[in-house]
Amino acid sequence: MTRTAVIGAGPCGLAQLHAFEQARLAGADIGEIVCFEKQSDWGGLWNYTWRTGLDERGDPVHGSMYRYLWSNGPKECLEFSDYTFDEHFGRPIPSFPPREVLYDYIVGRAKKSDVRQYIQFESPVRAVSFDGAAQTFEVTVQTWEPSGDSVLRTESFDHVIVATGHFSTPNVPEYPGFDRFPGRILHSHDFRDAAEFTGKDLLILGSSYSAEDIALQALKYGAASITVAYRTAAMGFDWPDGITEVPALRHLEGHTAHFTDGTSRDVDAVVLCTGYLHHFPFIDAELRLSTPNNLYPDGLYKGVAWTANPRLMYLGMQDQYYTFTMFDAQAFVARDLVLGRLPSPSPQEMAADVAAWRDRYARVDSIMEQIDFQTEYVRDLMTLTDYPSFDLDLVRQHFVEWEHDKDESITGYRDKSFASPCTGSVGPTPSTTWWDEPDDSLARFLQR
Ligand code: FAD
Ligand code: NA7
């Protein structure tokens, strides 16, 4: 019997288990599927933890999400085509839900398709290698006895699907003066509660999603001022009073931050919104994806199969406009490669396909072109399998409109409504604005 290991039970891992389960229910022989998840529950980043640093077993904490995190894109852009928001909540809900609502939705489909049966929790994978003689992957997993003693065991698999995410290992730069700064310096990975900075003057480094959202969060929950220092380009939004963008940090001198334009500012704390590293220390070097955060990492056929050994696959390793639907489309491709429904491509075919996509990506030079690029990538995946179709062009249009909305009002874009690409239903306008709504609970959201 074919054995497939799925590593991680976040949105990607759950998408993979769902894809296999759909095939099994339709009568396919899917072999044995085993999902190893290092945490005690599913949901990946969406499973909020207050912990930072190390977890209860001494492993780096996986979670990077913080309290009061609301979806940064319209939920209609990530809606599962085979499990709609209307189905889950029983009625249309607004377009920008907080974390707990999206967690409930992801888990709702996983419960419906009953994929928990495949998952072994508290089972971090410690090693993955390939045995050329046996033509199998050797996967070493750690588990713990009730006594607390840990056990390492190694199992053989015909396929391995890595779904461990890439927004958990922080990229932590150092600037002169960090070592003598009298306040707190933390990475966005360790940011948990904006209320910590109420009344404080905050410096944020970075100019992408984390910098944008943590600056807004901090202001919303009462920070005195936020200075955002960009390295390459300003985000350039029409920021509310209290948030200012400045060029790159040069150095810190005591509490004073000096920037490359010669200006300076006294700050109480620094948040490094400087991104994350693709980090897979448990995978043998010749099987390990190594890439910066971009829309088409090298070495992955269809953005999924490791070209040097395509029985190893990676899900969700791209930078992300599309999330849950892209993960689904990838998971269906991975499943069909495992089941032999998609022909095994030759090394030449894989190399040519990857080269064509990367050439195309090299010509992308604006946000709108990035959206188009990832839309076409998802479209390509969807032509390969029976993943239930949805109105992909509408989703693309939503992303474009969403970018315009952000330019119009960075504090107001989350109050807009979008139409579902699956059901056509339009999210109702919330009764309170995002800016004026401090409560991010599921219960409160469903009353809005
Ligand atoms: P993850 O969610 O990271 O899940 C990976 C899983 O693998 C985890 O459960 C982890 O415990 C497990 N794992 C890791 N290593 C091992 C191991 N060695 N052995 C076993 N298990 C392991 N996306 C959106 O669509 N909308 C948003 O608003 C949004 N906001 C975001 C905000 C933040 C702060 C961050 C960091 C990301 C955000 N994202 C958002 C993007 C996010 O990447 C995806 O939504 C999604 O969580 C990615 O799923 P994943 O399964 O690839 O990875
Ligand atoms: P991103 O999107 O990878 O962005 C990282 C940012 O960090 C980017 O603006 C970089 O600037 C900046 N960066 C990286 N290194 C440095 C140094 N040394 N100094 C200053 N600035 C630096 O990560 P995010 O955390 O924002 O977003 C990741 C996910 O989390 C995303 O999917 C969201 O949904 C939430 P650059 O432009 O390269 O100069």
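**Surroundings of the two ligands**

In ligand 2, an oxygen atom is placed 3.2 Å from an N or O atom in the side chain of Asn293, a polar contact (a pair of N or O atoms within 3.5 Å). The model is predicted, with local features requiring pLDDT of at least 70 and side-chain atom pairs pLDDT 80 or more, while totals for chains, interfaces and linings use all residues. Residues are numbered from 1 along each chain as its sequence is written, ligands are numbered from 1 in the order in which they are written, and side-chain values use heavy atoms, without hydrogens and water.

Oxygen atoms of ligand 2 also lie 2.9 Å from a side-chain N or O atom of Arg231 and 2.9 Å from a backbone N or O atom of Ser207. Taken alone, ligand 2 exposes 790 Å², of which the protein buries 78% (Shrake-Rupley method, 1.4 Å probe). Around ligand 2 there are 17 residues, and Tyr175, Ser208, Ser210, Arg231 and Thr232 come nearest (a heavy atom within 4 Å). Domain 1 (3-168 + 276-395) and domain 2 (178-272) each contribute at least three residues to this shell, the bounds coming from an automatic or database domain assignment.

For ligand 1, oxygen atoms lie 2.7 Å from a polar side-chain atom of Thr323, 2.9 Å from a side-chain N or O atom of Gln39 and 2.9 Å from a polar backbone atom of Leu45. The protein buries 93% of the 990 Å² that ligand 1 exposes when taken alone. Of the 31 residues around ligand 1, those that come nearest are Cys12, Glu37, Gln39, His62 and Thr323. Helices α1 (11-25) and α5 (324-338) each supply at least two residues of the shell (DSSP runs of H or I, at least four residues).

Note on methods
Polar contact = N/O pair within 3.5 Å; in protein donor to acceptor, adjacent residues only side chain to side chain.
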